[in-house]
Amino acid sequence: MTRRALLAAAVALAACTPAPTTMSAEAVEAFLEVPLPPGRRDLRVFTEAGIDRLMLLRLDAPRAEADAFAAHLVPDGLAAGADPGLGALGTAFEGWIAASPEGSSGGQTLVSGRRAVKVVVAPAEPGWRRVWVASFTL
């Protein structure tokens with residue numbers, strides 16, 4: 001393929017690719033079917049919607065709230081040091097993780113066979129945890 005043809009194909013693909021969007025806290029809760037931690041701060045959300053929908057979020061919350069939030073998302077619990085593969089999902093999301101941080105726990109689950117959820121929780125400042133969530137429709 002010539003350089004011109006490659007450029008034309010890239011432009012055509014970009015025109016067909018939906019632009020990333022953001023979501024309100026209420027919309028995030030509706031999509032996850034779980035309330036966000038009430039004491040959260042620095043909520044960052046990134047979504048892509050095409051045939052399927054991908055939602056990425058990152059937040060900081062007090063330790064107990066972060067742990068309860070993660071337990072609602074992954075009822076079977078998180079495993080220490082587990083990396084559910086979040087790194088590859090957030091290449092366009094500022095503040096996303098490339099790999100699970102030291103001292104983190106992770107896990108994943110399927111919600112009624114229609115949506116996957118992947119979670120990593122890591123220590124942040126004293127008494128706080130940082131939570132990364134990826135949820136996507138199947």
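Among the elements of the protein, helix α3 (residues 63-73) has the highest mean pLDDT, at 97, while helix α1 (residues 3-16) has the lowest, at 45. The model is a predicted one, and its mean pLDDT over the protein is 85, with 84% of the residues reaching 70 or more. Over residues 5-19 the pLDDT stays under 50, and for this stretch the model has three contacts beyond four places in sequence.

**Overall architecture**

The protein contains three helices and six strands, which follow one another from the N terminus in the order α-α-β-β-α-β-β-β-β. Of its 138 residues, 36% are buried, and the accessible surface comes to about 7700 Å², with carbon and sulfur atoms contributing 57% of that area. Among the contacts with a separation of 6 or more, 55% are between residues 24 or more positions apart.

**Arginine 58**

Arginine 58 lies in strand β2, which spans residues 53-62. Its relative accessibility is 6%, and because the cut-off for a buried residue is under 20%, arginine 58 counts as buried. The side chain of arginine 58 takes part in a polar contact of 2.6 Å with the side chain of aspartate 42, and it also reaches the backbone oxygen of glycine 95 at 3.4 Å. When neighbours within four places in sequence are left aside, the residues in contact with arginine 58 are Asp42, Leu43, Arg44, Phe93, Gly95, Arg130, Val131 and Trp132.

**Glycine 39**

Glycine 39 is placed in the loop that runs between α2 (25-32) and β1 (41-49). With a relative accessible area of 24%, glycine 39 is partly exposed, since that class lies between the cut-offs of 20% and 50%. Apart from neighbours within four places in sequence, glycine 39 is in contact with Asp60, Pro62, Glu65 and Trp128. The C-alpha atom of glycine 39 is separated by 9.1 Å from that of alanine 66, a residue 27 positions away along the chain.

**The two residues in summary**

The table sets out the accessibility of the two residues described above.

| Residue | Relative accessible area | Class |
|---|---|---|
| Arginine 58 | 6% | buried |
| Glycine 39 | 24% | partly exposed |

Technical notes: Residues numbered from 1 in each chain as written. Predicted model: local features only at pLDDT ≥ 70, side-chain atom pairs only at ≥ 80, totals over all residues. Heavy atoms only, no water. Helix = DSSP H or I, 4+ residues; strand = E, 2+ residues; numbered from the N terminus. Buried < 20%, exposed > 50% of the residue type's maximum accessible area, 1.4 Å probe, protein only. Contact = heavy atoms within 4.5 Å. Areas by Shrake-Rupley, 256 points an atom, 1.4 Å probe, with all protein chains shown as cover. Polar contact = N/O pair within 3.5 Å; in protein donor to acceptor, adjacent residues only side chain to side chain. pLDDT = per-residue confidence, 0-100.
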